[in-house]
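Please read them with the structure open beside you.

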Amino acid sequence: MRDTLPTQVDVVIVGGGFAGAATAWALARRGVGDVLVLEASDQFGSQASGRNASMARQLSSDPLTSALLRQSVDRMLGPDRALEVEARRCGSLLLLEEPAGLPWLEAARMSGSSRVVARDEAVKRVPLLDGARFDRAVVTDTDAVVDVSGLLWAYLRGARRAGARLVSDCSVTAVRVAEGRVAGVATTQGDVGCRVLVDAAGAWANQVAGMAGLSPLSMAPFRRHLVVTPPLAFCDPAWPLVWHLTDDYYFRPEVGGLLLSACDQVEVAPGPAVRDPAVLEVLAERLARRCPRLAGVPIQTWWAGLRTLSADGRFVIGPDPRLGGFFWVAGLGGHGMTGSAAIGELAARAITGQDLGAQGTPWAPARLLR
Ligand SMILES: Cc1cc2nc3c(=O)[nH]c(=O)nc-3n(C[C@H](O)[C@H](O)[C@H](O)COP(=O)(O)OP(=O)(O)OC[C@H]3O[C@@H](n4cnc5c(N)ncnc54)[C@H](O)[C@@H]3O)c2cc1C
């Protein structure tokens with residue numbers, strides 16, 4: 001699906017991952033269709049949005065983030081959902097050791113949608129955890145594994161039906177500013193005038209801001225790897241997603257085997273997510289010590305992606321106070337797919353001139369000015 005580049009639109013969205021796609025969709029739902037989504041790669045969602053673990057995990061250590069994630073999952077997968085998305089409502093099992101994990105027990109209690117279970121119950125559900133280090137587990141039955149490509153395209157198709165144009169293989173190379181506000185962009189396919197620019201460029205968001213003369217926000221990309229095993233006889237595809245919150249690894253069923261991560265987090269420059277073989281040793285060592293029944297699992301394929309984290313770990317959604325018409329939808333960290341429906345909605349409200357009031361404060365870009 002590729003449209004031609006117009007010369008003038010109301011809203012240009014830079015980036016065709018979950019941030020950009022969900023914002024375009026939410027704008028469409030508010031009747032704003034004069035929108036152009038620009039993606040540098042030849043495929044929408046080819047960066048973080050197409051390299052993630054597909055897990056909709058709603059519990060975060062930050063209660064405000066948790067609330068937004070729950071709202072988002074409800075919009076994506078709940079009974080009144082406005083999107084056609086495939087998902088496996090497998091639930092999650094979040095493991096923890098005490099005392100390090102005690103704040104998570106409090107977060108689970110406050111969420112109202114998670115419960116704490118004893119170690120034995122968790123091992124009964126996922127026998128592979130026999131011998132693993134943990135004291136208790138938090139269960140969230142409504143967590144899920146989502147068809148991420150289906151979700152991304154549900155957003156993009158919804159936006160396109162309302163008039164949005166989608167152009168891939170088109171990098172924004174400069175931002176034109178006139179009379180103290182955004183006036184347009186230069187791209188590898190030509191110039192486009194606009195009233196509003198949405199910076200949804202993921203790991204490159206600070207670079208795009210720099211094109212508009214804005215200094216970077218406190219936010220940076222961090223690389224993480226995912227590993228997939230071949231089919232394994234002992235895996236049950238009905239298992240929930242399992243995340244050890246204090247021992248730093250997670251896994252979930254994936255086509256007869258497992259998808260795993262060592263939760264590695266290394267700050268990198270924006271750019272292609274290049275794999276580092278050292279991570280495979282870290283994962284092997286971590287599993288052997290912390291979840292012995294996973295020791296020595298074979299690896300079929302592995303890849304890396306960039307998670308862009310703000311200094312306080314919260315999303316960055318809203319207007320930049322330094323330049324009229326410049327909006328951020330960035331810093332989606334490790335929850336960008338899960339939070340996308342609610343993130344897009346908040347962004348669209350701000351872009352259409354609604355004052356988000358106290359609801360917008362936790363996500364406001366201004367808090368990250370250096
Ligand atoms: C290994 C890993 C596992 C993860 N697991 C999960 C998970 O299980 N659940 C979950 O909810 N989240 C997960 N995430 C996080 C989630 O993937 C991200 O939060 C989300 O995809 C970020 O979306 P985005 O649109 O901000 O960034 P991106 O998907 O990176 O999109 C930004 C886009 O902007 C484009 N762009 C950049 N500069 C320009 C320019 N100048 N002109 C035009 N286009 C430009 C890029 O090409 C890119 O496609 C994971 C991430 C990783 C890396």
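The points below take up the ligand site, then the backbone, then the salt bridges.

1. Basis of the notes. This is a predicted model, in which local features need pLDDT of at least 70 and side-chain atom pairs count only at pLDDT 80 or more, while totals for chains, interfaces and linings use all residues. Residues are numbered from 1 along each chain as its sequence is written, and side-chain values use heavy atoms, with hydrogens and water left out.

2. The shell around the ligand. There are 39 residues around the ligand, of which Glu39, Ser49, Met55, Gly333 and Thr338 come nearest; a residue belongs here if one of its heavy atoms lies within 4 Å of the molecule. By type, the shell divides into 19 nonpolar, 16 polar and four charged residues, where Ala, Val, Leu, Ile, Met, Phe, Trp, Tyr, Cys and Pro count as nonpolar, Asp, Glu, Lys and Arg as charged, and the others, Gly among them, as polar.

3. Where the shell comes from. At least two shell residues are supplied by each of α1 (18-29), β14 (219-228), β19 (301-310) and α8 (336-351), helices (H or I, at least four residues) and strands (E, at least two) being DSSP runs numbered from the N terminus. Domain 1 (11-50 + 148-218 + 312-368) and domain 2 (92-141 + 220-310) each give at least three residues to the shell; these bounds come from an automatic or database domain assignment.

4. Backbone atoms facing the ligand. A polar backbone atom of methionine 55 is 2.8 Å from a nitrogen atom of the ligand, and a polar backbone atom of glycine 333 is 2.8 Å from a ligand oxygen atom. At glycine 336, a backbone N or O atom lies 3.1 Å from an oxygen atom of the ligand. Taken alone the ligand exposes 1000 Å², and the protein buries 96% of that (areas by the Shrake-Rupley method with a 1.4 Å probe; for residues, only the protein chains shown count as cover).

5. Backbone geometry to check. Most residues other than glycine have a negative phi, and most peptide bonds are trans. Serine 54, however, has a positive phi near 65°; this residue is in the loop between β2 (35-38) and β3 (55-56) and counts as buried at 10% relative accessibility. Valine 255 also has a positive phi, about 30°, in the loop between β16 (249-254) and β17 (257-261), but valine 255 is exposed at 71% (buried means under 20% relative accessible area, exposed over 50%, partly exposed in between, with a 1.4 Å probe and protein chains only). Glutamate 98 and proline 99 are joined by a cis peptide bond with omega about 5°, and proline 99 lies in the loop between β5 (92-96) and α3 (102-111).

6. Salt bridges. The structure holds 16 salt bridges, each a side-chain nitrogen of Lys or Arg within 4 Å of a carboxyl oxygen of Asp or Glu. Aspartate 34 and arginine 165 form one of them (3.5 Å, N to O); aspartate 34 lies in the loop between α1 and β2 and arginine 165 in strand β9 (residues 165-167), so the pair ties together parts that are 131 residues apart in sequence. Arginine 109 and glutamate 106 meet at 2.7 Å, N to O, and both lie in helix α3, three residues apart, about one turn of the helix.

Definitions and conventions. Polar contact = N/O pair within 3.5 Å; in protein donor to acceptor, adjacent residues only side chain to side chain.
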